Amino acid sequence: MSINVRPIDQAVFRNSFVEELRGEIAPDKRPRQVPGACYSRVGPTPVSDPHLLAWSDDCAAFLGLSRPAERGPAVDVLGGNAVTPSMKPFAARYGGHQFGNWAGQLGDGRALSLGEIEACDGSWWEIQLKGAGPTPYSRRADGRAVLRSSLREFLCSEAMHWLGVPTTRALSLVGTGDTVVRDMFYSGDPRPEPGAVVARVSPSFIRFGNFQIMATMGETDNLRALADYTIRHHFPELGEPGEAVYLQWFEEICRRTAIMIAHWMNVGFVHGVMNTDNMSILGLTIDYGPYGWLEPYEPDWTPNTTDFGQRRYAFGQQPRIAMWNLMMLARGLSPLISKAEDLGAGLETYRLTFTQTHQEMMLRKLGLAPLAEEDAALVEELHQALAEAEVDMTLFFRQLSHLSAPLRSESGSESALFRELIAATSYAASPTAEAEHLEGWLQRYAQRLRLEPSDAHSIREVMLSANPKYVLRNYLAQKAIEGAEAGDLSPLQRLMDVLKTPFAEHPDDDELAAKRPDWARTKAGCATLSCSS
Ligand code: AMP
Ligand code: MG
């Protein structure tokens, strides 16, 4: 199947979600409860001056979309100012557990799906505008998004994809020409900020919460219809929906979620708000808000100021929280299953898949084939040693990859190499004092590396393909935001170019792989983020 490249305003949209499921034609956009509906048919609210700020050539090429000029009909679509005849825009209804508590109806309060378009490989992808104006699910908020959070979502979606992490994608970042008032840290200091709209792309944006709201409200017919729709469109390999297939489907959701979380742990990504309304039923990273990347290896770290008390969604908690979220989803699917305890098999699949995938990924990062029993203990111990030594996760593994060859050849000068590695990657005030444990670990690792059957070159290649040089460090995203807010898009563009191949060296861009500078340690937007976006 091949399609001709076209601008988005000339793409033909399919509207399977609204055509196959029950919803409402929204008579107005006032916030309200919408019982009995999977969605509300509601269009975007126009903005003053939609203009293109950034574009993902990679995502566009896959969708067969041509890059638009800064202003014009395609950007009007991407900013929410034009709806073409084949689109049936809608806001989805969903609920969710926020920070462990059931929050009732939430829904797309500022996101609107335009429908699906066909990609070059014949698959169908939903295009969703985030920040496109109010919907019946906006509650007390304005339906808009600020440039800083939109840029962060745009950039991180693509960076995660290029790292190989399951994620929704982003096509465009459009400035609106309007301001949006936000109190960035809920400190009583609201101020106007530039507004923006991101066009997000995913096979579907259905979340755990879409099912939970129906189960909670006793809407079993809707629950079944949504489950059947999801299976037919997104899990067709499972066959025709029915009770046995629902169980297999849940198990597959658990498997995919486990793989996604293993990827997060592998690259040091902290989502920041793993509420069940932010969990994709397809096992994709979704809803980039106050996320962050580990710099010092700190399992207890989260960038989300709203979560500073509890640290529920800190880096090291993510595997456990995903399991809890899957338990809540199981509860939401239980009206479709005669023996709810049968859903337990899926949860066990989550546990096993996560453990195994995480272990395999860690071994690749260390250049080790799963040979010996003791390897599990070696990997386990590393987490603790890294935390004590306060080393930068990304830098440590990347530099270790380069060291693998000398370590394997028993040069006799390992101790000096270890101290150099630690000094170059640690944030501790006196790295050598904090790093005794890590030094001991490195000694054992070097001995283990010498037992590895592969040659030094292959080991190094495996490690360099498992340990990215470049990730979207929090302060780099902040610099791109400050540039964009001042009208300079070049820092954003440069980051996009480098993050597209994060495992390559890019010698001219070494500074984008540098340790976090001291000024960024406590700076807002670098070290701390809030949900105010
Ligand atoms: P989040 O924490 O971003 O996942 O959002 C939680 C809920 O709040 C979702 O239902 C969002 O659609 C809604 N929401 C967040 N920000 C806004 C906004 N500015 N306007 C309307 N709804 C919003
Ligand atoms: Mg959300």
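Predicted model: local features only at pLDDT ≥ 70, side-chain atom pairs only at ≥ 80, totals over all residues.
How much area is buried between domain 1 and domain 3?

Let's start with the whole protein chain. Its secondary structure comes to 17 helices and 12 strands. The radius of gyration is 24 Å, and the globule rule gives 24 Å for 533 residues, so the chain is as compact as a globular protein of that length. Along its principal axes, the C-alpha trace spans about 75 × 60 × 50 Å.

Now the domains. The chain is divided into domain 1, residues 8-205, domain 2, residues 209-363, and domain 3, residues 378-533. Today I look at domain 1 and domain 3. Their centres are 34 Å apart.

Back to my opening question. The size of an interface is often given as the accessible area lost when the parts come together. Between domain 1 and domain 3, about 2,200 Å² is buried. Carbon and sulfur atoms give 73% of that area. Which residues of domain 1 lose the most area to domain 3? They are Arg152, Leu155 and Trp162. Together they make up 29% of what the domain 1 side buries.

Next, the contacts. Here, 27 residues of domain 1 touch 25 residues of domain 3. How many salt bridges link the two domains? The count is zero. Polar contacts do occur: seven residue pairs between domain 1 and domain 3.

Which elements of domain 1 give two or more residues to this side? Strand 3 (51-55), helix 4 (147-163), strand 9 (169-182) and strand 10 (191-202). Helix 4 gives the most, with 11 residues. By class, the domain 1 side that touches domain 3 has 18 nonpolar, two polar and seven charged residues.

To recap: domain 1 and domain 3 bury about 2,200 Å², with zero salt bridges between them. Thank you.

Conventions:
Residues numbered from 1 in each chain as written. Chains lettered and ligands numbered in written order. Heavy atoms only, no water. Domains from an automatic or database assignment. Contact = heavy atoms within 4.5 Å. Buried area = accessible area lost by both parts, 1.4 Å probe. Salt bridge = Lys/Arg side-chain N within 4 Å of Asp/Glu carboxyl O. Polar contact = N/O pair within 3.5 Å; in protein donor to acceptor, adjacent residues only side chain to side chain. Helix = DSSP H or I, 4+ residues; strand = E, 2+ residues; numbered from the N terminus. Nonpolar A, V, L, I, M, F, W, Y, C, P; charged D, E, K, R; others polar. Rg over C-alpha atoms; globule rule 2.2 N^0.38 Å.
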